[in-house]
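Have the model open as you read.

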Amino acid sequence: MSTPARTKIHIARTPDELGKNLGLTQADVALMKHKALLSSLAVKAIEDSGLTVNEIVKRSGVARSKVSAVKNGAVVSISCDLLIKILAAAGKRLEFRAA
């Protein structure tokens, strides 16, 4: 009887460590960080706006299922452009700067 192979466990404490463990490029890690930020901003914007999901849908043109997913924090399948549309529909304005 053979001994099962041991799996090495990697612990990532930061997005950069996670990217390194997954073999992601710096660009992919940056996208992951920015998407996480946009996601948390969108969830808070929906809550703070006092608007219903249907009102956000009408203002943003984003499918109801996607807006509901964002509201509930399930943003894995949500693109950055949809998050930006939701933020704008909730009355937020974004400013981007390259450093």
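A salt bridge here is a side-chain nitrogen of Lys or Arg within 4 Å of a carboxyl oxygen of Asp or Glu. This is a predicted model, where local features need pLDDT of at least 70, side-chain atom pairs count only at pLDDT 80 or more, and totals for chains, interfaces and linings use all residues. Residues are numbered from 1 along each chain as its sequence is written, and side-chain values use heavy atoms, with hydrogens and water left out.

Searching the whole structure turns up three salt bridges:

| Pair | Closest N to O |
|---|---|
| Asp-16 and Lys-33 | 3.0 Å |
| Asp-48 and Lys-44 | 2.9 Å |

Asp-48 and Lys-44 are both in α2, four residues apart, or about one turn of the helix. Helices are DSSP runs (H or I, at least four residues), numbered from the N terminus.

On accessibility (buried is under 20% relative accessible area, exposed over 50%, partly exposed in between, with a 1.4 Å probe and protein chains only), Asp-16 is partly exposed at 45%, and so is Lys-33 at 37%. Glu-95 counts as exposed at 57%, as does Arg-93 at 68%.

Now the packing: α2 (residues 26-49) and α5 (residues 80-89) meet at an angle of about 30°, their axes 9 Å apart. Axes are lines fitted to C-alpha atoms over the stretch in contact, with angles from 0 to 180 degrees between N-to-C directions, and contact means heavy atoms within 4.5 Å. The two helices are therefore roughly parallel (an angle under 35 degrees).

Definitions and conventions. Parallel < 35°, antiparallel > 145°, perpendicular 65-115°, else oblique.
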